[in-house]
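The following note concerns the helical packing of the model shown here. Please read the points alongside the sequence and the coordinates.

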Amino acid sequence: MYNQACLPIHFVCLHELREKNKLFLFAHELVEHSPDKAITWFSVGCYNFLIGQNSEARDILPRHLLWILIAGQRG
């Protein structure tokens, strides 16, 4: 379906560009087609973090990935 190696960078770029709608649609598509893949839930976590649902993002994203996103947001 997609190049799995490129998706994490793509999601982080969408997050940094504050592309809420694009990230939501992409994450929603992955949940429908690949609910068993880790990259799917990474995209959902990135979306939740972008819209300010930090507790939900914290439940989905591993801690080290969440801190990378937070550090990038502060920089």
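The expected span of a helix is 1.5 Å times one less than its number of residues; helices (H or I, at least four residues) and strands (E, at least two) are DSSP runs, numbered from the N terminus. The model is predicted, so local features need pLDDT of at least 70 and side-chain atom pairs count only at pLDDT 80 or more, while totals for chains, interfaces and linings use all residues. Residues are numbered from 1 along each chain as its sequence is written, and side-chain values use heavy atoms, with hydrogens and water left out.

1. Helix H2, residues 20–33, has 14 residues. From its first C-alpha to its last, H2 reaches 20 Å, close to the 20 Å expected at 1.5 Å a residue.

2. The buried residues of H2 are Leu23, Phe26, Ala27 and Leu30 (buried means under 20% relative accessible area, exposed over 50%, partly exposed in between, with a 1.4 Å probe and protein chains only). These residues lie on the same side of H2, because they cover an arc of only 95° around the axis, the arc being that of the directions from the helix axis to the C-beta atoms. An α-helix has 3.6 residues a turn, so residues three or four places apart point the same way.

3. The face of H2 turned away from its buried side carries the exposed residues Asn21, Leu25, Glu32 and His33. The cover over the buried residues of H2 includes H1 and H3.

4. Helices H1 (residues 7–16) and H3 (residues 38–50) pack at an angle of about 10°, and their axes are 10 Å apart. Axes are lines fitted to C-alpha atoms, for helices over the stretch in contact, and angles run from 0 to 180 degrees between N-to-C directions. H1 is therefore roughly parallel to H3 (angles under 35 degrees).

5. Which residues make the contact of H1 with H3? From H1 come Leu7, Pro8, Phe11, Val12, Leu14 and His15, and from H3 come Ile39, Phe42, Ser43, Cys46, Phe49 and Leu50; contact means heavy atoms within 4.5 Å.

6. Phe11, in helix H1, is buried, with a relative accessible area of 0%. Not counting residues up to four places away in sequence, Phe11 touches Leu23, Phe26, Leu30, Ile39, Phe42, Ser43 and Cys46.

7. Asn48 is found in helix H3. Asn48 counts as buried because its relative accessibility is 9%.

Notes
Parallel < 35°, antiparallel > 145°, perpendicular 65-115°, else oblique.
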